[in-house]
Amino acid sequence: MEIEVRLFAYFREGRGKILKFPVDGNTTPHDVLNELKIDVKDVAILLVNGIDGKLDYKFKDNDRLSLFPPVGGG
């Protein structure tokens, strides 16, 4: 199985914008974050298929994970 991982802002640095990621029936967003070396506390928004996602969600084939860091400005 495979999912699409979309990275935003500085999460793209050294990783790219859209990644194809192999998963099995037990892979979760937490597992993907570990593989990409992104700390959970650095993720402000986590979406699965465009909907607010949970770290323990078990991926299905062709799911889409979107990861956003906090955005600052002023």
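Strands E1 and E2 make an antiparallel pair, held over five bridges. Val 5 sits opposite Leu 19 of E2 in this pairing. The model here is a predicted one, and its chain comes to one helix and five strands. Read from the N terminus, the elements go β-β-α-β-β-β.

The five strands form an open sheet, in the order E2-E1-E5-E3-E4, and the pairing is mixed. Strands E2 (18-22) and E4 (51-52) are the edges of the sheet; each has a single partner strand, so one side of each has no neighbour in the sheet. Elsewhere in the sheet, strand E3 (residues 45-48) runs antiparallel to strand E5 (residues 64-68), and four bridges join the two. Here Ile 45 is found opposite Phe 68 in E5.

Then there is the helix. H1 (residues 29-36) lies across strands E1 (2-7), E2, E3 and E5, and runs at about 65° to E1.

As for the chain overall, its C-alpha atoms fill a box of roughly 40 × 25 × 20 Å along the principal axes. Buried residues account for 34% of the 74. Of the contacts with a separation of 6 or more, 52% are between residues 24 or more positions apart. The accessible surface is about 4700 Å², with 51% of that belonging to carbon and sulfur atoms.

Conventions: Residues numbered from 1 in each chain as written. Predicted model: local features only at pLDDT ≥ 70, side-chain atom pairs only at ≥ 80, totals over all residues. Heavy atoms only, no water. Pairing = 2+ DSSP bridges. Contact = heavy atoms within 4.5 Å. Axes fitted to C-alpha atoms, helices over the stretch in contact; angles between N-to-C directions. Buried < 20%, exposed > 50% of the residue type's maximum accessible area, 1.4 Å probe, protein only. Areas by Shrake-Rupley, 256 points an atom, 1.4 Å probe, with all protein chains shown as cover.
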